[in-house]
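The following exercises are to be worked through with the sequence and the structure at hand. Each task is followed by a solution in steps.

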Amino acid sequence: MSLAAWLWLLLFQGWFWRTDVRLPVSRDPDVWPDVCVVVPARDEASVLPASLPSLLAQDYPGRAEIFLVDDGSTDGTGDLARELARRQDGLALTVVTPGEPPSGWTGKLWAVRHGVELARARDPEYLLLTDADIAHAPDSLRRLVAAARTGGFALVSQMARLRVESLWERLVVPAFVYFFAQLYPFRRITRPGSRTAAAAGGCVLLRADAAARARIPDAVRHAVIDDVAVARAVKRSGGRVWLGLADGVDSVRPYPRLRDLWRMVSRSAYAQLRHSPLLLVGTVAGLVLVYLVPPAAVAVGAAAGSVPCALLGAAAWLVMTGTYVPMLRYCRQPLWLAPLLPVTAFLYLLMTVDSAVQHRRGRGAAWKGRTYTRPETVADEA
C-alpha cells in the first residue's frame with residue numbers, strides 16, 4: 001500500500017517533486033504600472049536591517065513606494081525602519097501604526113488592511129504584499145510585474161528561499177516546502193479549471209482591482225493560513241493565480257533551534273486540517289503509511305527474514321528519497337539528507353498533533369504573541 005501510494009504521488013500528484021516552476025518567461029511592459037508595497041511588521045527589528053534595504057533599493061522603472069505597518073512593536077521596529085530609509089536613497093517609505101485588531105481579525109491581516117487602505121489612496125495597479133523578513137534581489141519587483149502583465153495573472157507569488165544553515169533547519173526546512181508543494185502542486189494552481197489555489201505570504205504581487213473584487217483582506221480576516229486564503233479568494237472571484245519557487249527572494253529569519261521550527265509549523269498545522277479531529281486522525285494515519293511504513297518494512301523484513309517485505313519497503317523508500325532530492329538541491333543541501341525524510345515526517349506528525357492539542361487547550365494559533373482560536377475553513381485543498 002505504501003509503495004502504491006508513492007507511485008501515485010510520483011506520477012499523478014501534479015509533479016509536485018519537481019523544482020523547475022519558476023517565474024514564467026515575460027516581456028517588459030511599454031509603460032510600467034504603479035506599485036505599492038505593503039509590509040506588515042511586529043517586533044521585526046532583528047531582521048529589518050537584512051531585508052528592508054533590499055526593498056528600498058528596488059530597480060523599478062515605474063512609480064513604487066513602501067508602506068510598513070508597525071503593528072504594536074515593542075522593539076523599535078518603526079523607528080529602525082525610518083532610520084534605514086534615511087540612510088539609503090531609494091523607494092519612498094511610510095511607516096504607520098494601526099490600533100489593536102478588533103474581534104475576528106488576525107493581527108497580520110489587520111496590519112495588511114491598514115497598508116492596503118493607504119495604498120489604495122495612491123490608486124496603484126498592483127500591490128506587493130511581502131513579509132518583514134524577506135529580502136528581494138534588486139530586480140525582484142520588475143520581474144514580478146512583468147510576469148503578471150505578460151501572463152495576465154491577477155496574483156503572482158513566489159515561495160521565498162528559506163534560510164537553511166543550522167542542523168535543525170537542514171532537517172526540517174526543505175521538507176516544509178516539499179510538503180507544501182505536495183499539498184498544493186504548483187502546476188495545478190495555474191491550470192485552467194483547477195480548484196487548487198495557494199500563495200506564499202512572503203511574496204505576493206496582487207492586482208489592486210482583483211483585490212477589490214475578492215474583498216482582500218476583509219474576506220479572509222480570520223485566516224491563520226492567510227496566503228492560501230488570499231489566493232483562494234482571488235481565484236474564486238475569477239482571477240488567475242500563479243505560484244512557484246523563488247530566485248532572488250530569500251527569507252532572512254533564522255530558526256536555529258528545533259522549538260523555533262516547531263512553533264512555525266504547529267501554529268497553523270491544525271488550521272490546515274480545518275480543526276477537524278477526523279482529518280487529524282486521517283492525516284496521522286496517512287503520514288504513518290506513506291513515510292514511516294517503508295523504513296519499518298525494511299527493518300521488519302530484514303529481522304524476520306522476509307525478502308518480499310524488505311524489498312517492497314526498500315522500493316517505497318527509494319521512490320520517497322528520489323522525490324526529495326530535487327528539493328534538497330534547490331535548498332543547496334547535501335543529498336545524504338534525502339533518506340532521512342521519514343525522520344522529518346515523524347517530527348511533522350508530532351508537530352501536527354501538538355498543534356491540535358494546543359488548539360484544544362484554547363491556545364489556538366499565534367502570530368507574534370497574539371493567539372487566535374477561531375476556526376478557519378479556507379485551507380481545505382489537499
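**Exercise 1.** Determine how many disulfides this predicted model contains.

*Solution.* Step 1: A disulfide is a covalent bond between the sulfur atoms of two cysteines. Step 2: The cut-off for such a pair of sulfur atoms is 2.5 Å. Step 3: For Cys36, the closest cysteine sulfur belongs to Cys203 and lies 16 Å away, which is too far for a bond. Step 4: Cys203 is likewise in no disulfide, its nearest cysteine sulfur being that of Cys36. Step 5: The count is therefore 0 disulfides under the 2.5 Å cut-off.

**Exercise 2.** Decide whether Cys36 and Cys203 are buried or exposed.

*Solution.* Step 1: A residue is buried if its relative accessible area is under 20%. Step 2: Cys36 has a value of 2%, so Cys36 is buried. Step 3: Cys203 has a value of 0%, so Cys203 is buried as well.

**Exercise 3.** Describe the surroundings of Thr130.

*Solution.* Step 1: Locate Thr130 in strand β4, which spans residues 126–130. Step 2: Thr130 counts as buried because its relative accessibility is 1%. Step 3: Leaving aside residues up to four places away in sequence, list its contacts, among them Val37, Val38, Leu55 and His136. Step 4: Gly202 is also touched, and its backbone oxygen is reached by the Thr130 side chain at 2.7 Å.

**Exercise 4.** Find where helix α11 is kinked, and what covers its buried residues.

*Solution.* Step 1: In α11 (residues 277–304), a kink of about 50° lies at Leu292, shortly before Pro294. Step 2: Pro294 is one of the buried residues of α11, which also include Leu287 and Tyr291. Step 3: The cover over these buried residues includes α1, α6, α10, α12 and α13.

Methods
Residues are numbered from 1 along each chain as its sequence is written. This is a predicted model: local features need pLDDT of at least 70, side-chain atom pairs count only at pLDDT 80 or more; totals for chains, interfaces and linings use all residues. Side-chain values use heavy atoms; hydrogens and water are left out. Helices (H or I, at least four residues) and strands (E, at least two) are DSSP runs, numbered from the N terminus. Buried means under 20% relative accessible area, exposed over 50%, partly exposed in between (1.4 Å probe, protein chains only). A polar contact is a pair of N or O atoms within 3.5 Å; within protein, one must be able to donate a hydrogen and the other to accept it, and residues adjacent in sequence count only if both atoms are side-chain atoms. Contact means heavy atoms within 4.5 Å. The bend at a residue is the angle between axes fitted to the seven residues ending there and the seven starting there.
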